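Hi everyone, thanks for making time this morning.

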Amino acid sequence: MSFSPSTVEPIGSVAVLAEALWAQREASFAQLGEAFYTRLPAAPLPAPYVVGFSADAATSIGLAADIAFAPGFAEFFCGNTTREWPARALPYASVYSGHQFGIWAGQLGDGRALTLGELELEHDGVRHELQLKGSGRTPYSRMGDGRAVLRSSIREFLCSEAMHHLGIPTTRALTVIGSDQPVRREEIETAAVLTRVAPSFVRFGHFEHFYASGQADALRALADHVIERFYPHCRAARDPYLALLDEVVQRTAERVAQWQAVGFCHGVMNTDNMSILGLTIDYGPFGFLDSFDADHICNHSDTQGRYAYRMQPQIAYWNCFCLAQALLSLIGAHHDEAARSERSIADAQQVLEGFKAHFAPALERRMRDKLGLAEALPGDDQLADRLLELMHASRADFTLTFRRLAQLCKHDASGDALLRDMFVDREAFDRWATDYRARLAHDPRDDGARREAMNRVNPKYVLRNHLAETAIQRAKEKDFSELERLAAVLRHPFDEQPAFESYAALPPDWADTLSVSCSS
Ligand code: AMP
Ligand code: MG
């Protein structure tokens, strides 16, 4: 029997939610066993309160849109009630390893995250894990305190929702719960717990962990689990594990193409921050480009610029190598034993080459869409590259430039002024605009249709650092209205929202003083 969404009652109380999570306690990742995680309750958080909530994320996993008003919501989503949970259904922290800034870091793991469990939507059988971040120390905390601060939790909440509504696959954010409990970072801040939602939080680093620690059976069990749950068609391939690698490589390439096209810098593309589902995950010192600098480094802790905007595709490729290394022992079972090692390396290398083969056209297609070109013609790449060079030379605002590009007219320069103003070398811009118009002459659409299509791919509103900062400052004073307003604006990034024009404007001067780092 199948249900339609309307026939299933959304979960509106935390007691029912807890029951639903407990009922799935042996589900999916949890059934992999104790080599993969440790069950434990969250650390107590005094006097928790709701800071932010996404009704949209809630309903997407079968929760009621108003569950944030249910009694006990804040206590539940800071993890306080987990101390009374049955032992076998306790939340768990998973173990993984990873390469951080290009260097093998050994065992890491969920040092401040706990998965509460899984929810299965009755109408479509899709499962989602609910995970707390900032819920206290775990066996994998190393020197950390297990906490997250309000500032970074709000940033992750806003960016997860912003990315989702930009159409970029991501973990989602359900709620941020705050407390006045002090947390020491560069200065004293306060604690918060973010609940994030995803079909799986498995990272490249999970595979690296079992490979590097020589746990061959666990490595295979993990790969089988990921195939069975998320890539079932790979099972039918001649080499299922190679097919899995291929899928992940392609998804990763696709994701980074989306990041580049929207001017998103992740900031910490360590292998433990790479999702096996190709989701954007672990928002820390991320940033959307304001003025365009291809070498922009959004993370203040990244002194070498390893994770600069321009480097992201290369780094994603490098990270896929680490995943391939971890999977290599599983690959090539169908080869003759004597030749297996050599042949499986060749197979994996070929799949890795697929990154480039997938990334370049994926980005080219997006740049063509950004330029409003309905079909591909020779020379389109150069036209896009020349625009980016001009933007780089003038430090033109990335988001505004592409949004204003839609104003240009096919037949004359009457719509150029606003965009032209963004460039220091106006003559160079005029030369580019002349060539662009010559190219538009070959485009089948009229100005109106092209403009509409461009405005569906070039967002008007992105989560600029200064916008997040304003919401954070207000939230620190216990005024959460700006957070709510900003989140609402970011849910419609492509629409004109005349009442919120200022959210689309150039950053104010004080934004230059903002710096984000790994401290979170
Ligand atoms: P990240 O840079 O946020 O991806 O974190 C890298 C590793 O450090 C992960 O294993 C995290 O769980 C861990 N970690 C980060 N911050 C803390 C913290 N405050 N307490 C415990 N572990 C942390
Ligand atoms: Mg991480």
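Let me begin with Gln 131, which counts as buried because its relative accessibility is 1%, and the cut-off for buried is under 20%. Before I go on, please keep in mind that this is a predicted model. If you want to find Gln 131, look in strand β7, which covers residues 127-133. And which side chain does the side chain of Gln 131 make a polar contact with? The partner is the side chain of Thr 115, at 3.2 Å.

Ala 499 counts as exposed because its relative accessibility is 69%, and exposed means over 50%. You will find Ala 499 in the segment that follows α16, the helix at 481-490. If you want a sense of distance here, take Val 489: Val 489 and Ala 499 are separated by 10 residues in sequence, and their C-alpha atoms are 9.8 Å apart in space.

Next, the ligand. How many residues surround ligand 1? There are 17, and the closest are Gly 109, Gly 111, Arg 142, Asp 145 and Gly 146. Let me walk you through some atom pairs. At Gly 109, a backbone N or O atom sits 2.6 Å from an oxygen atom of ligand 1. At Arg 147, a polar backbone atom is 3.2 Å from a nitrogen atom of ligand 1. At Asp 282 we turn to the side chain, where an N or O atom is 3.5 Å from an oxygen atom of ligand 1. As for cover, ligand 1 on its own has 470 Å² of accessible area, and the protein covers 81% of that.

Last stop, the largest pocket. Its volume is about 900 Å³, and 38 residues line it. Which of them lie nearest the centre of the largest pocket? Those are Gln 100, Arg 112, Arg 142, Cys 518 and Ser 520.

What kind of residues make up the lining? It divides into 12 nonpolar, 14 polar and 12 charged. In terms of elements, α4 (150-165) and β10 (188-198) each supply at least two lining residues, and α4 gives the most, with 3 residues.

Terms used: Residues are numbered from 1 along each chain as its sequence is written. Chains are lettered from A and ligands numbered from 1 in the order in which they are written. This is a predicted model: local features need pLDDT of at least 70, side-chain atom pairs count only at pLDDT 80 or more; totals for chains, interfaces and linings use all residues. Side-chain values use heavy atoms; hydrogens and water are left out. On a 1 Å grid over the protein atoms alone, a cavity is a set of points where a 1.4 Å probe fits but cannot get out, and a pocket is an open set with protein on both sides within 12 Å along at least five of seven lines; lining residues have an atom within 4 Å of a point. Grid points are joined across faces, edges and corners, and a volume is the space filled by probe spheres set on the points. Helices (H or I, at least four residues) and strands (E, at least two) are DSSP runs, numbered from the N terminus. Ala, Val, Leu, Ile, Met, Phe, Trp, Tyr, Cys and Pro count as nonpolar, Asp, Glu, Lys and Arg as charged, and the others, Gly among them, as polar. Buried means under 20% relative accessible area, exposed over 50%, partly exposed in between (1.4 Å probe, protein chains only). A residue is near a molecule or strand if one of its heavy atoms lies within 4 Å of it. A polar contact is a pair of N or O atoms within 3.5 Å; within protein, one must be able to donate a hydrogen and the other to accept it, and residues adjacent in sequence count only if both atoms are side-chain atoms. Accessible areas come from the Shrake-Rupley method with a 1.4 Å probe; for residues, only the protein chains shown count as cover.
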